[in-house]
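Try each task on your own before you read its solution.

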Amino acid sequence: MAHGGRLGLALGLLLLLALALTLRAKPTVRKERVVRPDSELGERPPEDNQSFQYDHEAFLGKEDSKTFDQLSPEESKERLGKIVDRIDSNGDGFVTTEELKVWIKRVQKRYIYDNVAKVWKDYDRDKDEKISWEEYKQATYGYYLGNPAEFQDSSDHHTFKKMLPRDERRFKASDLDGDLTATREEFTAFLHPEEFEHMKEIVVLETLEDIDKNGDGFVDQDEYIADMFSHEDNGPEPDWVVSEREQFNDFRDLNKDGKLDKEEIRHWILPQDYDHAQAEARHLVYESDKNKDELLTKEEILDNWNMFVGSQATNYGEDLTKNHDEL
């Protein structure tokens with residue numbers, strides 16, 4: 001077998017093994033299925049009015065906020081001005097709460113886009129800045145499809161056979177223009193469907209298929225528990241499992257028919273939680289909007305620059321505290 005073929009097979013198997021483990025593994029600890037977009041942006045801490053660290057990390061992301069902390073105030077303001085131009089998506093000279101929210105959400109998802117950038121070249125084989133379904137299929141399943149006899153008696157055969165149509169269905173759902181070719185944004189939706197509104201139905205469907213072992217199209221209580229806990233002996237269930245059974249009855253099974261349908265699964269794994277990005281966008285507008293027209297000009301943002309970004313000056317006191325603690 002050619003070295004390249006073995007390497008491609010190894011990479012494909014590693015990817016599929018990771019996917020398969022999510023399907024077949026039965027951990028003895030709790031499995032978290034609830035999807036929380038913008039999970040990088042948590043609750044705002046009690047504001048001490050001396051530090052804008054939460055605002056900086058929300059607006060820039062944790063890594064870029066550290067970079068700004070090393071800049072002079074002049075450099076920080078100059079870079080902030082360029083960022084404002086990018087946030088003003090319609091170029092009307094004003095930044096709205098919605099534009100700020102979109103920016104903050106994108107910043108918090110940057111790690112996802114970074115992940116896609118790292119694997120992009122592995123799939124974009126013709127270097128046309130798009131990934132076709134055929135390119136993805138060949139990169140992931142090519143060796144399996146070309147050498148099916150080698151997998152006939154292997155457990156991997158079942159995995160490949162199950163995952164290929166599932167991947168194709170997800171790829172088509174992410175392909176908004178239906179040309180079976182993914183742009184970077186569409187490929188990001190394919191790899192990270194939980195982060196995109198138009199992919200939520202796929203997330204729900206795949207979750208149902210993962211947990212619904214008897215194939216009746218629903219998740220009963222035993223299937224719900226089996227997804228997160230494996231009863232390897234005949235002893236009593238841990239307290240958290242007993243609590244999860246109560247959660248199933250009281251909060252998951254909304255229509256009290258003893259099982260979860262797709263809508264109840266959606267309600268469980270995609271809760272409509274508090275929108276941290278929306279709250280932060282409103283906060284930044286409120287604190288910087290001098291004329292209270294609910295719009296921010298670049299001047300208003302730059303006048304309040306130290307709330308949006310840090311610098312050596314704004315972090316001087318914080319650095320002194322850190323240095324003192326380290327002594």
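**Exercise 1. A residue in a loop**

Leaving aside its neighbours within four places in sequence, which residues is K290 in contact with? Keep in mind that the model is predicted.

Solution. Start by placing the residue: K290 sits in the loop between α14 and α15 (298-303). Next, list its partners: apart from neighbours within four places in sequence, K290 is in contact with E300 and D303. Then check one of these pairs by distance: K290 and E300 are ten residues apart along the chain, and their C-alpha atoms are separated by 6.9 Å. Finally, look at accessibility: exposed means over 50% relative accessible area, so K290, at 61%, counts as exposed.

**Exercise 2. The nonpolar cores**

Which residues have the most contacts inside the largest nonpolar core, and how many residues does that core have?

Solution. The largest nonpolar core has 24 residues, and those with the most contacts inside it are F59, L80, L100, F308 and V309.

Zoom in on L100 as a worked case. Not counting residues up to four places away in sequence, L100 touches F59, I87, V95, A281, L284, V285 and L296. There is also a second, separate core of 18 residues, which includes V116, W120, Y136 and A139. As background, nonpolar side chains tend to be buried together in soluble globular proteins.

**Exercise 3. Two helix pairs**

At what angle do α4 and α5 pack, and at what angle do the axes of α10 and α13 cross?

Solution. For α4 and α5, the packing angle is about 110°, and the axes are 10 Å apart. Angles of 65 to 115 degrees count as roughly perpendicular, so α4 is roughly perpendicular to α5. On the residue level, I83, R86 and I87 in α4 meet E99, L100 and W103 in α5. By class, this contact of α4 with α5 has four nonpolar, no polar and two charged residues.

For the other pair, the axes of α10 (residues 200-211) and α13 (residues 262-269) come within 10 Å and cross at roughly 105°. That makes α10 roughly perpendicular to α13. The contact is made by K200, E201, V203, V204, L205, T207, L208 and I211 of α10, together with K262, I265, R266, W268 and I269 of α13. Sorted by class, the residues of the contact of α10 with α13 divide into eight nonpolar, one polar and four charged.

**Exercise 4. Backbone and totals**

Where are L180 and K256, each of which has a positive phi although it is not a glycine?

Solution. L180, with a phi of about 60°, is in the loop between α8 (155-174) and β2 (181-182). L180 has a relative accessible area of 38%, so it is partly exposed. K256, with a phi of about 55°, is in the loop between α12 (239-252) and β4 (259-260).

The protein has 17 helices and four strands. Of its 327 residues, 41% count as buried. The protein exposes about 18700 Å², and carbon and sulfur atoms supply 51% of that area. Among contacts with a separation of 6 or more, residues 24 or more positions apart account for 62%.

Methods
Residues are numbered from 1 along each chain as its sequence is written. This is a predicted model: local features need pLDDT of at least 70, side-chain atom pairs count only at pLDDT 80 or more; totals for chains, interfaces and linings use all residues. Side-chain values use heavy atoms; hydrogens and water are left out. Axes are lines fitted to C-alpha atoms, for helices over the stretch in contact, and angles run from 0 to 180 degrees between N-to-C directions. Angles under 35 degrees count as roughly parallel, over 145 as roughly antiparallel, 65 to 115 as roughly perpendicular and the rest as oblique. Contact means heavy atoms within 4.5 Å. Ala, Val, Leu, Ile, Met, Phe, Trp, Tyr, Cys and Pro count as nonpolar, Asp, Glu, Lys and Arg as charged, and the others, Gly among them, as polar. A nonpolar core is a set of buried Ala, Val, Leu, Ile, Met, Phe, Trp, Tyr and Cys residues joined through side-chain atoms within 4.5 Å. Buried means under 20% relative accessible area, exposed over 50%, partly exposed in between (1.4 Å probe, protein chains only). Accessible areas come from the Shrake-Rupley method with a 1.4 Å probe; for residues, only the protein chains shown count as cover.
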